[in-house]
Amino acid sequence: MSLLDKLEWRYATKKFDSTKKIPADQLNQVLEAIRLAPSSYGLQQFRLLVVSDHAIREKLAAAAWNQPQLLEASHVLVFAAETKLDTAFVDANIELTAKVRNIGTETLAGWKNMIGDGIKLRSNGDVLVHWAQKQAYIGLGIAISVAAELGLDSCPMEGFDPEEFDQILGLKEKNLTATVILPVGYRSEDDGYIQLAKVRRPADEFFIAY
Ligand SMILES: Cc1cc2nc3c(=O)[nH]c(=O)nc-3n(C[C@H](O)[C@H](O)[C@H](O)COP(=O)(O)O)c2cc1C
């Protein structure tokens, strides 16, 4: 199957087969793909929580209108945006870059200023958190595609109460906020949604050529 065939094959899975668990090496491939996601200035303004614990998932399900994916999927991935993009956060990124590239931090002074300006530009109200959340969605898109490539099912979900998730997962203390989630696993063959034709706007009503 080509990647396009796999994107056609995938669907937002409502009913997972709770008896099937994703092998560690495949789960790690999905996680690594998310870690490799690009982000503005390379800041990786989000973290990924990998939830397998059943007791925690029961609490999360209650905060997500009891959608069954939270309990039945093999794992639940929670994309959490950084809420404190301060000087210390930028400094840590600069230090990491200097270390990985084996250069002095002073050579990155101009770049650091540019990041600072980018952050200042977005410092009104919730703009900075929304910016971080957008980066999380890039990770989400990559995760859905890589999961499909590996023959894994998933369901992107915004249908949950972020404040309750933050509380259950202790995210506030970590300067994070739950943004979007992705239960991953294997479809249950009796999920009625498998049969539904994919609905997308026709190409001529979607693409705009200039
Ligand atoms: C950001 C986002 C949030 C979504 N939230 C939910 C959700 O809370 N529950 C759910 O069952 N499906 C959710 N969906 C799935 C969409 O309804 C689904 O992707 C869309 O109808 C297209 O269908 P397909 O993914 O099966 O092709 C969400 C999808 C996205 C991308």
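Here is a walk through this structure, from the whole chain to the sheet, a few single residues and the ligand.

What you're looking at is a predicted model, in which local features need pLDDT of at least 70 and side-chain atom pairs count only at pLDDT 80 or more, while totals for chains, interfaces and linings use all residues. Residues are numbered from 1 along each chain as its sequence is written, and side-chain values use heavy atoms, with hydrogens and water left out.

Let's start with the whole thing. The C-alpha trace of the protein chain spans about 60 × 50 × 35 Å along its principal axes. The chain holds 9 helices and 4 strands; here helices (H or I, at least four residues) and strands (E, at least two) are DSSP runs, numbered from the N terminus. Of the 210 residues, 40% count as buried. Buried means under 20% relative accessible area, exposed means over 50%, and partly exposed is in between, using a 1.4 Å probe and protein chains only.

An unreviewed UniProt entry places the feature "domain: Nitroreductase" at residues 8-186; UniProt positions are given in the numbering used here, feature names are shortened, and annotations may be inferred rather than shown by experiment. Over that stretch, the chain is 48% helix and 15% strand, and the end C-alpha atoms sit 16 Å apart.

Now for the sheet. Strands of a sheet pair through backbone hydrogen bonds, either parallel or antiparallel. In this model, 4 strands form an open sheet in the order 1-2-4-3, with antiparallel pairing. Strand 1 (46-51) and strand 3 are at the edges with a single partner strand each, so one side of each has no neighbour in the sheet. Two strands count as paired if DSSP finds at least two bridges between them.

Look for Leu77, which stands opposite Leu182 in strand 4, and for His75, whose bridge partner in strand 4 is Val184. Strand 3 (residues 153-154) also pairs with strand 4 in the antiparallel sense, over 2 bridges. There, Ser154 has Val184 as its bridge partner.

Tyr137 belongs to helix 7 (residues 127-149). Tyr137 and Val180 are 43 residues apart along the chain, and their C-alpha atoms are separated by 7.5 Å. Tyr137 is partly exposed, because its relative accessible area is 31%.

The loops have some residues worth a stop too. Most residues other than glycine have a negative phi. Tyr41, in the loop between helix 2 (24-35) and strand 1, has a positive phi near 60° without being a glycine. Its relative accessibility is 24%, so Tyr41 counts as partly exposed. Asn102 is not a glycine either, and its phi is positive at about 55°. You'll find Asn102 in the loop between helix 5 (87-101) and helix 6 (109-121). Asn102 counts as exposed because its relative accessibility is 70%.

Phe160 lies in the loop between strand 3 and helix 8 (162-169). Is Phe160 buried or exposed? At 4% relative accessibility, Phe160 counts as buried. Phe160 and Leu3 are 157 residues apart in sequence, and their C-alpha atoms are 30 Å apart in space.

Finally, turn to the ligand. Which of the 14 residues around the ligand come nearest? They are Arg10, Ala12, Lys14, Lys198 and Arg200; a residue is near a molecule if one of its heavy atoms lies within 4 Å of it. By class, the shell has 6 nonpolar, 3 polar and 5 charged residues. In that scheme, Ala, Val, Leu, Ile, Met, Phe, Trp, Tyr, Cys and Pro count as nonpolar, Asp, Glu, Lys and Arg as charged, and the others, Gly among them, as polar.

A polar side-chain atom of Arg10 is 2.7 Å from a ligand oxygen atom, and a backbone N or O atom of Ala12 is 2.8 Å from one. Gln69 brings a polar side-chain atom to 3.4 Å from an oxygen atom of the ligand. Taken alone the ligand exposes 620 Å², and the protein buries 64% of that; accessible areas come from the Shrake-Rupley method with a 1.4 Å probe.

Definitions and conventions: A polar contact is a pair of N or O atoms within 3.5 Å; within protein, one must be able to donate a hydrogen and the other to accept it, and residues adjacent in sequence count only if both atoms are side-chain atoms.
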